Amino acid sequence: TELYDRRYMMKEVAFEIFGPSPSRSSTLSLKRLSSAASASTAGMFSHVELDVPLGPLSKESILLVIPDNDDNDIEIDGQTFINRFGRVTKPKKRRRDILVEMLTEYAPNLNDIHWQNAKVLNQQWTAGTMASPMNDDKTADRRSWTPTSLFRRRNDKSDPLYLLMRAWRKGHISNYDYLLRLNAISGRSFHDPGNYPIMPWVLSNFVSSSVPDLSDERNYRDLSKPMGALDPQRLHKFLDKYASLCSVDYAIPPFMFGSHYSNTGGVVLHYLVRTKPFAGLHRQLQGGQFDIPDRLFRSVSQTWDICSRTSATEVKELTPEWFSDASFLKNEYDFNLGTSVDGATISDVLLPPWADNDPAKFIEVMRNSLESDYCSANLSSWIDLIFGYKQRGPEAEKANNVFYHLSYYDSEDLDKIEDKTLRTEIELHIADFGNCPSQLFFKAHPSKKSESLVSQSKGELRMMAGGSSSQKEGSISTPRRILLTHDS
């Protein structure tokens with residue numbers, strides 16, 4: 001089983017426990033770490049066996065929220081607290097951390113390597129013993145903020161994230177499983193629609209009658225660019241808006257994109273509106289009924305065009321279901337989704353012609369495209385945008401990847417807001433409009449090694465894309481969770 005750090009309502013009061021990996025060879029065991037391990041983690045990991053999970057995440061997990069007791073203690077320097085009686089007190093342990101300590105003591109098979117790494121590095125950052133990864137040029141970053149990212153040093157060969165990345169580069173873990181683990185480490189969870197796992201648009205050909213040739217890069221999206229920068233004309237409009245915001249003295253920092261690539265209503269509930277419990281959550285968000293039919297997710301090719309080219313605002317990425325679970329494409333519960341303005345009844349999602357109206361075939365081709373040589377060679381560029389050094393700051397500006405400033409807020413930013421009403425408003429805004437995952441990498445993510453690519457021949461790729469769809473639906477599994485909500 002595996003343990004990961006989680007937030008609930010923007011507070012560090014939760015954690016997620018995954019069941020055992022379905023893969024038997026799910027760990028990379030290192031009997032002895034490099035003697036060059038940095039001091040930041042040497043005391044925690046040296047002279048121990050380090051098990052870094054590599055296999056697929058379990059399909060079963062549980063999210064536990066352990067609220068801390070409310071108190072009126074005043075923090076002085078992170079180490080000293082003054083209680084309401086004016087007495088100096090010791091910092092209290094979070095109830096969540098106490099429970100985790102008990103779990104790790106009595107559950108020897110619980111892998112908490114990423115939890116421990118995040119905890120130690122966050123403590124060191126709070127104490128000021130680690131250098132800031134931010135650029136010293138304050139004019140480059142228009143918002144003063146303290147990064148709370150999980151992993152701030154990439155030179156440590158004993159870092160569990162480094163070992164995971166090295167295993168991916170060598171081909172020991174698939175692109176799909178690697179992205180799911182990066183999502184898990186950065187705080188994204190299937191339990192939380194506001195922090196749902198993020199996956200990239202990979203293919204760009206949703207109009208051809210035959211399955212796209214997966215060895216032809218013309219059938220792929222440019223993974224080095226965010227969705228808002230794929231179309232030059234649309235990008236020009238975004239940049240004009242950004243330049244105009246930069247030219248005025250405005251309280252809100254300038255941004256290129258007012259919407260986000262991952263949020264509750266516009267992305268997660270939009271894509272998953274035909275499944276439970278997301279259909280019920282969607283109706284709650286829309287006042288008890290489904291949204292206007294023409295705004296619902298109804299066509300793959302139409303959605304790609306909207307997100308990549310035609311919309312003045314939409315920059316959606318995808319969810320893991322697009323590569324693993326065909327059920328979100330079918331209206332199995334016969335929901336009354338209405339009729340569009342052109343008179344068409346909204347039911348199952350309209351698939352590309354090459355899918356032959358077969359959701360299982362669509363998922364198979366999407367998954368093959370994600371594991372293709374082209375994607376493997378370029379996926380690191382997308383990771384830089386979402387989880388890496390181009391997520392924020394000057395590099396994000398250079399990469400045309402700047403979002404609304406609240407998208408970058410986290411618990412430390414919110415703790416600085418004394419006005420409770422304002423804090424609540426910001427929390428609701430973030431929950432509705434999306435936020436970026438925790439930044440994991442502070443320099444360019446290396447590409448997968450050429451010798452570890454899945455296939456080396458065009459014929460093999462064509463066979464992957466054009467293979468039969470005899471694979472039974474649902475055989476490609478995704479770590480689906482049951483959200484604890486009532487769906488009428």
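Colleague: Leaving aside neighbours within four places in sequence, which residues is F362 in contact with?

Modeller: This is a predicted model. Neighbours of F362 within four places in sequence are set aside. The residues in contact with F362 are then F206, V300, W322, L329, L351, P352, W354 and A355.

Colleague: Which residues touch the most other members of the largest nonpolar core?

Modeller: That core holds 81 residues. Elements giving two or more residues to it include α4 (160-169), α6 (232-246) and α10 (359-370). Those touching the most other members are W322 and F362.

Colleague: How many residues are in the second, separate core?

Modeller: Among its members are M10, L406, L414 and I426. This second core is separate and has 10 residues.

Colleague: Is T275 buried or exposed?

Modeller: T275 lies in the loop between α7 (264-271) and α8 (278-285). Its relative accessibility is 5%. Buried means under 20%. T275 therefore counts as buried.

Colleague: What distance separates the C-alpha atoms of T275 and F335?

Modeller: Along the chain, T275 and F335 are 60 residues apart. Their C-alpha atoms are separated by 9.5 Å.

Colleague: Where is Y8, and how does Y8 count at 44% relative accessibility?

Modeller: Y8 sits in strand β1 (residues 2-8). Buried would need under 20%, exposed over 50%. Y8 has 44%, so Y8 counts as partly exposed.

Colleague: What accessible area do Y8, M9 and V65 have together?

Modeller: Y8, M9 and V65 form a nonpolar patch on the surface. Their accessible area together is about 280 Å².

Methods
Residues are numbered from 1 along each chain as its sequence is written. This is a predicted model: local features need pLDDT of at least 70, side-chain atom pairs count only at pLDDT 80 or more; totals for chains, interfaces and linings use all residues. Side-chain values use heavy atoms; hydrogens and water are left out. Patches are made of residues with over 30% relative accessible area and no salt bridge: like charges are joined within 9 Å, nonpolar side chains (Val, Leu, Ile, Met, Phe, Trp, Tyr) within 5 Å. Accessible areas come from the Shrake-Rupley method with a 1.4 Å probe; for residues, only the protein chains shown count as cover. A salt bridge is a side-chain nitrogen of Lys or Arg within 4 Å of a carboxyl oxygen of Asp or Glu. Helices (H or I, at least four residues) and strands (E, at least two) are DSSP runs, numbered from the N terminus. Buried means under 20% relative accessible area, exposed over 50%, partly exposed in between (1.4 Å probe, protein chains only). A nonpolar core is a set of buried Ala, Val, Leu, Ile, Met, Phe, Trp, Tyr and Cys residues joined through side-chain atoms within 4.5 Å. Contact means heavy atoms within 4.5 Å.
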